[in-house]
Amino acid sequence: MLQFLFFCLTFALAKDENALNLIIDIGNTMAKVALFNGGEMVEVLTESNQSLDCLKALCSKYPVEQGIVATVIDLSERILADLAALPFPLLWLNHQTPLPVVNLYETPETLGYDRMAAAVGANEQFPHRDVLVIDAGTCITYEFIDSKGQYHGGNISPGMQMRFKALHQFTGRLPLVDTNGRKLPMGRDTETAIRAGVMKGMEYEISGYIESMKHKYPELLVFLTGGDEFSFDSSVKSIIFADRFLVLKGLNRILNYNNGRI
Ligand SMILES: Nc1ncnc2c1ncn2[C@@H]1O[C@H](COP(=O)(O)OP(=O)(O)O)[C@@H](O)[C@H]1O
Ligand SMILES: CC(C)(COP(=O)(O)O)[C@@H](O)C(=O)NCCC(=O)O
Ligand SMILES: [K+]
């Protein structure tokens, strides 16, 4: 452990001009960890949200200068200890963190900052556009940030796995189904009925939000992010930017925005 700390310390003190940002996004299902050099993502890992075992390897492999953590869960003692042992400043993203956008959410202290980070990431790419961000993970979250850089909030909906699990757990006889298998627009047996109900339901929900928001904001842009991947048959797919790493990019922007304040 001491050798590992010494190793990281030498990197941290080296003030290498290529010093990197460590970005950590801990969700309800997965943790995502990335390294950024300025605005460029150098490496990204997805792993359990109960033990960030990749930290040690990443820290000894790269000259990390600072980091940011966004979490929507209470962290295990193991993760807290690993984060506390890091030999560089760590920004814990919360409702008091200065942001490069205006936060109009009425309860900033209860906001999930993965949602804000997704909006910040989208706004960085299209700063003067009205943007809807759809993050399909444990939950499906919908974030609206306008062309003035004002984050308005948005909606929270059950994610794909949650829908499959809920149909199984809250009924007497429905089996636990997943995405693997016959996909029909309308089910013809119990399995395809459940699969279509979940997957087509998500597609229609998402398409409905896009159609409704585009009606109000004709120049709307749409980002789709998150760990769940599913195809779109509907017409809206033409205006969707897929970016799996939007939250990480937004966290990196927030960290850089707070340079020197950590
Ligand atoms: N290695 C993995 N382990 C578990 N789920 C995964 C994995 N890769 C992708 N997924 C899918 O991605 C979802 C998690 O996506 P993610 O955006 O990381 O969620 P969250 O941010 O809510 O933790 C899971 O519900 C699952 O469907
Ligand atoms: C809505 C969420 C559970 C989504 O988390 P995720 O699906 O990324 O695990 C998370 O952003 C959260 O805990 N939000 C707090 C409530 C709010 O955003 O108002
Ligand atoms: K997420």
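For my own bookkeeping, Ala, Val, Leu, Ile, Met, Phe, Trp, Tyr, Cys and Pro count as nonpolar, Asp, Glu, Lys and Arg as charged, and the others, Gly among them, as polar.

Ground rules first. I'm working on a predicted model, where local features need pLDDT of at least 70, side-chain atom pairs count only at pLDDT 80 or more, and totals for chains, interfaces and linings use all residues. Residues are numbered from 1 along each chain as its sequence is written, chains are lettered from A and ligands numbered from 1 in the order in which they are written, and side-chain values use heavy atoms, with hydrogens and water left out.

**Ligand 2, shell.** I looked up what surrounds ligand 2 and got 13 residues, the closest being Asn28, Tyr105, Gly112, Asp114 and Arg115 (near means a heavy atom within 4 Å). I sorted that shell into five nonpolar, six polar and two charged residues.

I then went through N or O pairs within 3.5 Å. An oxygen of ligand 2 is 2.6 Å from a side-chain N or O atom of Tyr105, and one is 2.8 Å from a side-chain N or O atom of Arg115. At Cys139 a backbone N or O atom lies 3.0 Å from a ligand 2 oxygen.

**Helix α6.** At its start, I found a side-chain oxygen of Asp189 within 3.2 Å of the backbone nitrogen of Glu191.

Terms used. A polar contact is a pair of N or O atoms within 3.5 Å; within protein, one must be able to donate a hydrogen and the other to accept it, and residues adjacent in sequence count only if both atoms are side-chain atoms. Helices (H or I, at least four residues) and strands (E, at least two) are DSSP runs, numbered from the N terminus.
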